[in-house]
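Trainee: Please take me through this model, one question at a time.

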Amino acid sequence: MAKSDVKLIGAWPSPFVMRPRIALNIKSEGYEFLEETLGSKSQLLLESNPVHKKIPVLIHDGKPICESLVIVEYIDEVWSSGPSILPSDPYDRALARFWAAYLDEKWFPTMRSIATAGEEAARKALIEQAGEGVMMLEDAFSRCSKGKGFFGGDQIGYLDIAFGSFLGWLRATEKTNGVKLIDETKTPSLFKWATSFSSHPAVKDVLPETQKLVEFAKVLAKFKAASSTS
């Protein structure tokens, strides 16, 4: 299709912003990345997403599209000449959407809560829950990948993007807490997948480094503490 004006409002640490960045890279579509600043929301963001007032927002030819997975589906439909992101089979597509919803609604909120758990027992319980979720995703991988290297088969697909966007924060959580959620012994398929996903040309330049996220988490914690007392 003809060259279009594509902008993405986001922030580098956000796993949800990673999703459209990876999708655009898969489609080889250039875009302007408009970085938001921690603690403030630009006028463009507020105008583009007045309902939720949050990132990411894709602006395509002046029209805003919100919510990370909605944006990924939009990118797949608009730039249809590039590699497909969503599975072609209706059942496979439904399965990928189901697990993506599980990740956003249950798994990631559990993992994110580990950092703010007040008591050691609560933290350990959350780590265990997150680990159980990873074990379920190990099983889901075998069904979705059909023996291939990615959830999407031979190439990165919808569920790869949905889960892979959290890899940076998963590794930061592992490092901070001295645990392994994706383990070569317990989750061999996901371990191999995570390595392949992270080194993929569409991913490697937008996936944040683990230590950089660990440091950002400290800044974020201080920011939230200051905000709660102000």
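Trainee: In β4, which residue is the bridge partner of Val57?
Mentor: This is a predicted model, in which local features need pLDDT of at least 70 and side-chain atom pairs count only at pLDDT 80 or more, while totals for chains, interfaces and linings use all residues. Residues are numbered from 1 along each chain as its sequence is written, and side-chain values use heavy atoms, with hydrogens and water left out. Helices (H or I, at least four residues) and strands (E, at least two) are DSSP runs numbered from the N terminus, and two strands pair if DSSP finds at least two bridges between them. β3 and β4 pair in the antiparallel sense over 4 bridges, and in β4 the bridge partner of Val57 is Cys66.

Trainee: Which residue in the turn of the β3-β4 hairpin has a positive phi?
Mentor: Most residues other than glycine have a negative phi. The hairpin of β3 and β4 leaves 2 residues between the strands. With a phi of about 50°, the residue in this turn is Asp61.

Trainee: In what order do the 4 strands form the open sheet, and which of them stand at the edges?
Mentor: The sheet is open, its pairing is mixed, and the order is β2-β1-β3-β4. An edge strand has a single partner, so one side is left without a neighbour in the sheet, as holds for β2 (32-35) and β4 (63-66).

Trainee: At what angle do α1 and α3 pack?
Mentor: Axes here are lines fitted to C-alpha atoms, for helices over the stretch in contact, and angles run from 0 to 180 degrees between N-to-C directions. The axes of α1 and helix α3 (residues 68-78) are 8 Å apart, and the angle is about 5°. That makes α1 roughly parallel to α3, the term for angles under 35 degrees, with over 145 roughly antiparallel, 65 to 115 roughly perpendicular and the rest oblique.

Trainee: At what angle does α1 run to β1?
Mentor: Helix α1 (residues 15-26) lies across β1, β2 and β3 (57-60), where contact means heavy atoms within 4.5 Å. The angle to β1 is about 155°.

Trainee: What is the omega of the cis peptide bond that joins Ile55 and Pro56?
Mentor: Pro56 has its place in the loop between α2 (43-48) and β3. The bond that joins Ile55 to Pro56 is cis, with an omega of about 0°.

Trainee: How much area is buried between domain 1 and domain 2?
Mentor: The division into domain 1 (4-77) and domain 2 (88-213) comes from an automatic or database domain assignment. Their C-alpha centres lie 22 Å apart, and the contact takes 15 residues from domain 1 and 19 residues from domain 2. Buried area is the accessible area (1.4 Å probe) that two parts lose on being put together, summed over both. Carbon and sulfur atoms give 71% of the buried area, which is about 1,600 Å².
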